[in-house]
Amino acid sequence: MSENINFTIDGVEIKAKHGETILEAADKAGVYIPRLCYMKGLIPHGSCRVCTVMVNGRPQAACTQPVVNGIVVENNTPALQTHRRNLIDMLFVEGNHFCMFCEKSGNCELQAMAYRFGIAAPKYPYSFPAKDIDASHPDIFIDRNRCILCGRCVSTSRDIDGKSTFGFVGRGPHKKIAVNADKDLGDTNADVKDKAASSCPVGALMIKRVGYAVPLGNRKYDKKPIGSEIESSKSN
Ligand code: FES
């Protein structure tokens, strides 16, 4: 199944292999498609929809949609950028994100995405939901105020750590990350060395006592916009 596939993104010819997703092929070609829930090495589940592209005129999640010969993909259009920006805006107001007080600032993919999209202040009203913090574990804490429900910790714990420490409970605005214990994270077998402990794109799942090891201003997205590592890999 190493059949070569040719398709276009915004008019640029892209070569891919059978079985790759649009997002994987785009990454290899140095074309950045914004994403939040996708994490390399995990089975993509297409929950955040930030990676939405138009495929032959229809919206699809680039992280789950396989490449097909001859498809015409649109990525960088005003309509798609507005759609993505609206999703990012909604994530900010559906949680309690105070970047200036968050240890993840500068390494946070949501914050970096907001900067990339030029969001200085959300356009929707804040909802200030009541969310809880679980600091019961000696080495890891959960701050649900910052959780964007991407599911990375759920997939990482289940598929890589083989533990299923995390899962979702509730629906709609009541949906939240839960742990596989009667009570708190401290009652699970979660370990600071679990891959899940460092899978969070925001500051919702954090490792204790390592805060500010890298000073603010010197962090990953303080230096370069999110996605620039993919764009700078473009060969031509
Ligand atoms: S990155 Fe594709 S749906 Fe989230």
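How many Å separate the centres of domain 1 and domain 2, taken over C-alpha atoms? The answer is 25 Å, and I'll come back to those two domains in a moment.

Hi everyone, a word on the model before the tour. This is a predicted model, where local features need pLDDT of at least 70, side-chain atom pairs count only at pLDDT 80 or more, and totals for chains, interfaces and linings use all residues. Residue numbers start from 1 along each chain, following the sequence as written.

Let's begin with the overall picture. The protein chain has six helices and ten strands; these are DSSP runs numbered from the N terminus, with helices being H or I of at least four residues and strands E of at least two. Along its principal axes, the C-alpha trace spans about 50 × 40 × 35 Å. The radius of gyration is 18 Å, which agrees with the value near 18 Å for a compact globule of 236 residues. That radius is taken over C-alpha atoms, and the globule rule is 2.2 Å times the number of residues to the power 0.38. Buried residues account for 36% of the 236; buried means that 20 or more other C-beta atoms, placed from the backbone, lie within 10 Å of a residue's own, while exposed means 12 or fewer and partly exposed is in between.

Now, contacts. Two residues are in contact if their C-beta atoms, placed from the backbone, lie within 7 Å. Of the contacts between residues at least 6 apart in sequence, 65% join residues at least 24 apart.

Back to the domains. Domain 1 covers 4–76 and domain 2 covers 85–209, with bounds from an automatic or database domain assignment. Eleven residues from domain 1 and 14 residues from domain 2 take part in the contact. On the domain 1 side, eight are nonpolar, two polar and one charged. Here, nonpolar is Ala, Val, Leu, Ile, Met, Phe, Trp, Tyr, Cys and Pro, charged is Asp, Glu, Lys and Arg, and polar is the others, Gly among them.

Next, the strands, where two of them pair if DSSP finds at least two bridges between them. Strands β1 (residues 4–9) and β2 (residues 12–17) are antiparallel, over six bridges, and Asn6 has Lys15 as its bridge partner in β2. They form a hairpin with two residues between them, and Asp10 in the turn has a positive phi of about 50°.

There is another hairpin to look at. Four bridges link β3 (residues 52–55) with β4 (residues 58–61), again antiparallel, and Val55 is bridged to Arg58. Two residues lie between these strands, and Asn56 in the turn has a positive phi of about 50°. β3 also pairs with β5 (residues 72–74), antiparallel, over two bridges; there Met54 has Glu74 as its partner.

Further along, an open antiparallel sheet has three strands in the order β6-β7-β10. β6 (133–134) and β10 (205–207) are its edge strands, each pairing on one side only. Three bridges join β7 (residues 140–143) to β10, including the one between Ile142 and Leu205.

Last stop: why is helix α3 (residues 109–116) largely enclosed by the rest of the structure? Because six of its eight residues are buried, namely Glu109, Leu110, Gln111, Ala112, Met113 and Ala114. These pack against α2 (78–94) and α5 (220–223). Just after the helix, Gly118 takes a positive phi of about 70°.
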